[in-house]
Structures are given as C-alpha cells and as structure tokens.
Amino acid sequence: MTQPHVLPVLPVRNAVLFPYVTMQVVIERRASVQAIQAALESEGHLIAVFAQHDAGMEDVGQEHLYPIGTQAIITQASHSERGVQLVMQGLERIALVEVEQTTPYLGAKVQLQPTVAGDATEAEALQRELLELAGRIQQTVQALPEVDMQEVVAHLDGPMHLVYLLSSMLHLSPEKAQILIGLDSQADAMRMAARYMRHELQVLDLKKQIANEATTEMNREQRAYLLRQQMQAIREELGESEKETSEVDDLRAKLEQAELPEMVQEEANRSLARMAHLPPSSPDFNISLNYLELVAELPWSRETEDNLDLVHAREVLNADHFGLDTIKERILEQLAVLKLNPEAKAPILCFVGPPGVGKTSLGSSIARALGRQFERLSLGGLHDESELRGHRRTYVGAMPGRVLQAVRRAEVKNPLLMLDEIDKVGRDHRGDPTAALLEILDPAQNHSFRDNYLNLPFDLSKVFFIATANGLDTLPRPLLDRMEIVRLSGYGDEEKMEIARRYLLPRRRRETGLKDEQLIIPDETLAQLIRHYTREAGVRGLERTLGRLARKVALRCAEGTCDEVTIEPEDLETMLGPAPFSAERMRTELPPGVTPGLAWTEAGGEVLYVEAVRLSGGDQLILTGQLGDVMKESARTAQSFVLSQAERLAPDLERGEVHVHVPAGAIPKDGPSAGVTIATALASLYSGEPARADTAMTGEITLSGLVLPVGGVKEKVLAAQRAGMTQVILPQGNEKDLHDLPEAAREGLELVFATTLADVIRAAIPALTARLEPSK
C-alpha cells in the first residue's frame with residue numbers, strides 16, 4: 001500500500017470528479033483559489049478533489065467532505081471576472097486521511113485507493129453489458145455522434161476507466177456519483193454503473209415518448225394556428241377584424257375589479273383558465289363566457305347607502321300616495337330601525353289588496369324614499385321553479401333565475417325587489433316555484449342563496465323584498481309565515497276624489513300635453529264619474545276614464561277649438577256615452593224573500609242580492625247562481641236554523657220546496673259570509689215580511705244561530721256606502737277591523753254589530769222584532 005502524502009484540497013459543490021475524466025469548473029471561493037495557486041506552484045500540479053456534503057457550506061472542514069475523492073492534475077487555469085476558470089484531469093481514487101491545515105487553504109494528508117480486480121470472466125461479462133447499454137443509449141440519443149465502442153475500449157486502461165467514462169456521461173446526482181466512486185470492487189462498480197445506465201435508458205425512452213406526443217400535439221396546434229391566421233386575414237379583407245383586446249383579457253380585468261369573495265374568485269379563476277384554452281368557436285367557450293360575465297357583473301360588494309332621513313321619507317310617501325297611513329307608518333318604523341341598527345335585516349312585506357289600489361307604485365315610492373334601486377319581477381303565471389332558481393349550465397339555453405337577473409340589473413346587492421302577483425304563481429310537473437320562494441324570502445337562508453346557474457353562494461339578505469297579491473287563498477302557509485302581511489283596502493268615494501284631484505288628473509294632463517286651464521273637471525263631475533262610470537275598489541278604471549276625457553279635449557285643442565274646457569256632469573254622456581252603472585241602489589223596495597248582502601272580491605266589495613221563493617210540493621232546497629260548496633252548506637245551515645225558529649217567525653208555516661238564487665249567475669261565488677243574508681232572506685220569505693231595502697249584511701252563521709266574524713269587512717262597508725245603503729249589519733267580532741275605516745266612509749251609515757241571528761233579523765226585518773225573544 002502506498003504511503004499517505006499531503007496535497008491542497010479543492011472542495012466542489014454538486015459534482016463528483018471521476019478518475020480518467022476531465023472537469024471544467026469556475027472557482028470563486030477564496031480558500032479554493034489559494035489551494036489552486038499552491039497546486040500550480042508545486043511539482044506535478046496535483047490537487048485533491050473532494051465533494052461537499054452540503055453545497056451551501058462556505059467554511060469547509062474534514063467533516064463536511066466525503067471520505068473518497070480523486071487526485072487530479074491541473075491542466076489549465078485562467079482568471080476571469082467570475083473567478084478562476086479551471087480545467088483538471090482526474091487521475092486516481094484517493095481517501096481523505098487527515099486535514100493538515102485550514103488556512104490560507106485546506107490541505108490534507110491523502111492516500112491512494114486503487115480498486116480491487118475480481119474474476120476475469122465476470123469482469124468481461126459485465127464489460128460487455130456496459131458496452132451494450134452504451135450502444136442502446138447512443139441509438140436513443142440521436143444527437144450523439146456514432147462511436148465504435150470496441151475501438152474505444154481498446155484505448156482504455158482497464159474496466160474502471162470504462163466505468164468512470166460512461167458514468168460521467170450520465171446525469172447522475174452527486175449522491176449517486178459518490179456511491180459509485182466509493183466502491184472498492186471493480187465488479188461492484190461495474191454492476192452499479194450498469195444499474196445507472198439501465199435507469200438512464202428508461203428515462204430516455206420515456207422522454208422520447210413524451211417528445212413524440214408533444215410533437216404530435218404541436219403539429220395539431222401549428223395547423224390550428226395557421227388556420228386561425230388565414231381566418232384573420234379573411235376577416236381583415238372583409239373588414240371584420242377582431243378587437244385588439246381579447247375577450248379573455250377583458251373578463252380577467254372585469255373579475256379583478258369586481259371585488260369578489262375569496263371562494264368566488266377561485267372558482268372564477270378556474271373557469272377563466274379553462275376558457276383560455278378553448279377555441280372561440282367551441283360551444284363551451286360561449287357557455288364559460290356568459291357564466292363569467294354574470295360573475296363579473298353581479299354586485300358582490302356594491303350597495304347603496306340608505307337615506308335614513310325620516311322627514312324626507314315621510315314627504316316622499318305623502319307626495320306619491322294619499323291615505324295608506326298604516327303602511328306609511330310601517331315603512332317609517334323600518335327606517336328608524338335601520339337608523340339605530342344599520343345591520344338589521346330587511347323586512348319582507350306582502351301587500352294584499354284589490355287591483356288598482358297602488359301596491360306596485362307604493363313599492364316604487366318606498367325605494368325612492370330609501371334611496372334604493374327598484375326592480376320589479378312579475379310572477380303571474382309562473383310555473384317553472386327554474387325561473388326563480390335558474391337552470392343548470394349543462395342545459396342548452398340555460399339562464400340564471402329571475403331574482404339573480406334582477407339583482408344584476410340593479411347593480412347593487414341591496415335593491416328593493418317587487419315580487420308582483422305572487423298569488424298567481426302556479427305549479428306543475430316542472431316544480432313548485434313557491435318552494436323556491438321559501439328559501440329566497442327566508443332571512444335565515446337567503447344570505448347564502450345558490451342559484452342553479454351560478455352555483456355559488458350569493459347574499460340576498462340585504463335585499464328589501466316586497467310582494468303583492470290580490471288574495472292569500474292560493475299561497476301555502478309556510479310562505480305566508482315568512483312574510484309580513486299588509487292589507488290595502490279599497491278606496492271610498494271621497495278618497496277616490498282626492499286621489500283624482502292630486503294625482504290622476506294632473507298626470508293625464510301632462511301625458512296629453514294639456515295645460516291646467518285647458519281641462520277643468522269640477523268635483524261634481526268627478527263624483528259622477530266615480531259613481532256611474534266606474535265600479536271598483538281601486539282607481540285604475542277611474543284613471544282610464546279621465547284619460548278618455550283628456551284625449552277628447554286634446555283633439556279639440558289640436559283642431560284649434562279650445563281655450564278652456566270645463567266638463568260639467570251633463571257633458572259626460574255626450575263625451576263618454578251612457579253611464580255603464582246606474583245608481584247603485586238598484587232596489588228601493590224589496591218583496592219578502594229578497595235581502596241585500598255584502599261580498600268580497602279581488603276587485604273590492606260588492607252588493608249581492610239573495611232571492612228566495614217558495615214552490616208548491618216537496619221539501620227540497622234548490623240553490624242556483626254558481627254557488628260553491630261552502631256557500632251551499634251555509635244555505636242549508638240557514639234553512640235549518642230558520643225552520644227551527646218557525647214557531648216564532650211564522651206560526652202558520654206550511655213547509656214546501658224553496659228555491660234560493662244569487663243573481664249574476666255567470667260569476668262563481670263561494671264563502672261562508674253569505675250565511676246571515678240567506679238566513680234573513682228565508683226568514684223574510686217564511687214570515688211574509690220584507691227586509692229593509694237600505695240594509696246590507698255579512699257574516700257566517702252556526703246551526704245554533706251565532707254570527708261569526710268574516711274577512712274583507714272594510715271593502716264590504718265601502719261597497720255598501722257606494723250602493724247608498726244606510727245601515728250595515730256586521731258580526732260583533734269584526735268591530736275591531738273598522739279602526740282604520742275613513743270617517744268619510746262612515747258618513748250616512750249606521751253600523752249594527754250582531755252576536756246572534758236574532759240580532760240580525762231584528763235590525764233587517766223590524767216587523768219581526770216582536771216575534772223574537774230578547775237578545776241575551
């Protein structure tokens with residue numbers, strides 16, 4: 001064994017120098033430059049090259065170096081701006097025995113470590129395997145020059161020269177290279193080199209396969225690129241050049257400005273990345289484009305600041321609507337709550353009332369008072385649940401739901417949304433839209449509403465929802481539970497006249513271009529219009545009638561024959577034709593068996609007459625006039641009660657068949673509130689005493705003669721007043737419902753509250769008072 005000797009040490013990073021192999025490196029470390037200088041000054045220019053464990057270590061000691069390295073000779077060294085450019089040739093394996101010095105450079109005692117030869121036959125077999133693997137690698141890497149491997153072997157100094165030469169051509173990590181140089185047995189070293197070469201061959205085969213696939217894809221993309229370039233040239237020739245900024249870039253800019261929540265931003269970025277790789281002609285491109293435009297345009301964080309000035313709100317509401325004090329007070333209460341607690345949830349109101357009483361316009365006024373954007377959704381005739389929840393994007397022609405579209409149009413997340421005609425929503429095999437409304441109108445759920453098209457949570461809790469309906473019978477109970485019901489009753493004659501003076505007539509003048517002095521309608525004419533040309537709970541028909549008068553005056557003015565037109569009551573028949581409604585007190589005298597009753601309809605209250613006649617023979621009760629099941633049961637109950645009291649009402653009564661008819665037979669009628677009217681008509685028929693012609697009534701009855709409260713009382717009282725009645729009989733339980741009845745509606749009316757049917761008969765048929773027991 002050779003004796004140890006001292007050499008300058010050159011630590012190298014991320015590399016291993018094999019014997020027989022040339023390495024070119026740039027040295028920057030000061031101590032290493034000193035070691036090179038010492039080697040160049042010594043005889044033979046020898047230097048010991050060892051690899052570092054940690055490439056980041058600057059001050060290197062013996063513990064930082066691998067124990068096996070290479071003794072090399074420096075063949076070339078030159079200085080440059082980067083450091084010393086060094087070329088060295090590996091000679092033999094050496095072992096690091098002991099570090100002799102650390103300054104000014106690292107010097108160490110090293111000892112040569114020759115490899116141990118093994119069986120010659122085994123060595124020859126391993127050498128052949130290495131040559132075969134080298135040939136296969138040469139064929140795989142076509143860029144390498146063709147070399148006769150047998151000729152190369154003839155010039156090598158033994159098998160280890162072949163091992164180190166082939167291994168230097170592989171992309172070995174420093175760790176693998178150090179394992180190879182550290183093997184003492186030539187057979188072990190050849191086996192390890194063969195293992196590394198087989199791995200390299202597998203990597204090269206896989207790389208070639210990937211390159212072939214990439215080439216195929218690149219050819220396809222190049223072809224598509226050339227075709228697009230040709231299409232671009234054709235468009236330019238036709239004057240159809242595309243915009244300078246691509247749609248993808250436009251969308252990316254919009255999404256960055258939209259201030260999206262984190263989760264929404266991530267989903268939008270994923271969709272945008274997929275869209276960027278799609279050709280514009282692809283259907284999926286347009287689907288993604290529409291979807292991302294919706295995401296970018298939805299007001300995720302934009303909202304208007306509420307105007308919480310209560311004085312301003314009161315002025316706006318009073319300027320736009322006459323009366324409706326209860327509703328105005330409710331809106332002002334909500335403003336007060338928002339003023340004290342800005343985080344309070346928006347209420348969900350439902351305005352219920354006949355057509356034309358101002359439900360929709362009231363919602364617009366509320367939005368103006370609050371300073372919020374106003375959007376209206378008409379739900380009448382809606383059958384498909386997807387119209388509200390949206391369609392899934394997998395369907396052709398998919399769109400977001402109407403609610404999300406309305407918010408998108410409003411451009412703020414806290415608009416006032418008017419859900420018009422919510423009672424006209426239908427249901428069929430496509431789903432139940434009211435089920436979707438349960439989530440939309442629930443403050444506990446709508447803060448994370450998921451539209452099927454958007455498929456992302458959107459906050460609807462800031463939206464001020466107002467629904468409108470003519471009636472509540474068709475709405476499911478869970479939906480009613482989510483809304484605060486606010487009833488708007490019909491207007492009386494005095495209220496209609498005031499509305500016409502303040503709003504309707506000035507609006508019709510503006511629309512027809514007339515000045516105030518060119519169209520004058522006195523109060524007497526307005527009263528005639530209200531009583532004889534319209535019959536409704538609201539004022540829509542009155543406004544149309546005023547519009548007809550304004551157009552006729554505008555025609556005169558356009559012909560140059562008008563300076564100032566005052567329309568008197570006697571002019572109405574000439575201008576509008578005969579009055580469609582005669583005086584509403586249609587019967588001044590009633591025969592026995594006829595009684596005026598009061599009914600509620602979606603158009604307001606109506607006066608209905610119940611007629612009863614006796615027929616000879618039989619004992620049946622015949623009911624006609626398109627009566628519903630509930631009304632038929634009320635008629636049978638009324639007959640049973642009256643017959644049970646026959647000894648008092650008609651002692652000489654002979655039973656026979658009775659026919660009860662309610663006129664306007666083409667109109668379906670139902671409900672329990674006609675019970676007292678039918679019972680009074682039967683009592684009048686059996687006793688032969690007529691009922692008062694100026695008395696109308698309503699109420700449900702029981703078999704024991706009790707009178708139960710009913711709905712729509714205010715509308716019914718207004719209808720009685722329009723008909724010219726002087727007395728109205730109501731159930732005692734409805735007295736509380738008249739607190740907001742205008743004083744003008746009470747004028748000329750005597751309100752009688754009844755507990756039993758005996759109270760009703762005494763008030764309606766005074767001649768029977770003596771025959772009835774006193775009311776207890």
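**Exercise 1. How many bridges join β8 to strand β9, and how do the two strands run?**

Before we start: this is a predicted model, in which local features need pLDDT of at least 70, side-chain atom pairs count only at pLDDT 80 or more, and totals for chains, interfaces and linings use all residues. Residues are numbered from 1 along each chain as its sequence is written, and side-chain values use heavy atoms, leaving out hydrogens and water.

*Solution.* 
- Step 1: find the strands, β8 at residues 374-378 and β9 at residues 416-420. Strands (E, at least two residues) and helices (H or I, at least four) are DSSP runs, numbered from the N terminus.
- Step 2: count the bridges; five join β8 to β9, and the strands run parallel. Two strands pair if DSSP finds at least two bridges between them.

**Exercise 2. Sort the side chains of β8 by face.**

*Solution.* 
- Step 1: recall the pattern. In a regular strand the side chains alternate between the two faces of the sheet.
- Step 2: apply the pattern. Glu-375 and Leu-377 point to one face and are buried; buried means under 20% relative accessible area, exposed over 50%, and partly exposed in between, with a 1.4 Å probe and protein chains only.

**Exercise 3. Describe the nonpolar cores, then follow Leu-441.**

*Solution.* 
- Step 1: set the rule. A nonpolar core is a set of buried Ala, Val, Leu, Ile, Met, Phe, Trp, Tyr and Cys residues joined through side-chain atoms within 4.5 Å.
- Step 2: take the largest core, which has 53 residues; Ile-422, Leu-441, Leu-454 and Met-483 have the most contacts inside it. Helix α9 (residues 283-297) gives the largest share of this core, seven residues.
- Step 3: note a second, separate core of 51 residues, including Val-316, Ile-331, Ile-366 and Val-553.
- Step 4: list the partners of Leu-441. Leaving out residues up to four places away in sequence, Leu-441 touches Ile-348, Leu-419, Ile-422, Asn-446, Phe-465, Leu-479, Arg-482 and Met-483. Contact means heavy atoms within 4.5 Å.

**Exercise 4. What is the volume of the largest cavity, and which residues line it?**

*Solution.* 
- Step 1: on a 1 Å grid over the protein atoms alone, a cavity is a set of points where a 1.4 Å probe fits but cannot get out, and lining residues have an atom within 4 Å of a point. Points are joined across faces, edges and corners, and a volume is the space filled by probe spheres set on them.
- Step 2: the count is three cavities of 30 Å³ or more, and the largest has a volume of about 40 Å³.
- Step 3: its lining is Ala-346, Ile-348, Pro-443, Asn-446, Leu-460, Ser-461, Val-463 and Phe-465.
- Step 4: these divide into six nonpolar, two polar and no charged residues. Here Ala, Val, Leu, Ile, Met, Phe, Trp, Tyr, Cys and Pro count as nonpolar, Asp, Glu, Lys and Arg as charged, and the others, Gly among them, as polar.

**Exercise 5. Locate the backbone features at Asn-14, Tyr-20 and Pro-104.**

*Solution.* 
- Step 1: most residues other than glycine have a negative phi, and most peptide bonds are trans.
- Step 2: phi of Asn-14 is near 55°, and phi of Tyr-20 is about 75°. Asn-14 lies in the loop between β1 (5-12) and β2 (22-27), and Tyr-20 is also in the loop between β1 and β2.
- Step 3: check exposure. Asn-14 is exposed at 60% relative accessibility, while Tyr-20 is partly exposed at 30%.
- Step 4: find the cis peptide bond, which joins Thr-103 and Pro-104 with omega about -5°. Pro-104 sits in the loop between β5 (84-101) and β6 (107-112).

Terms used:
On a 1 Å grid over the protein atoms alone, a cavity is a set of points where a 1.4 Å probe fits but cannot get out, and a pocket is an open set with protein on both sides within 12 Å along at least five of seven lines; lining residues have an atom within 4 Å of a point.
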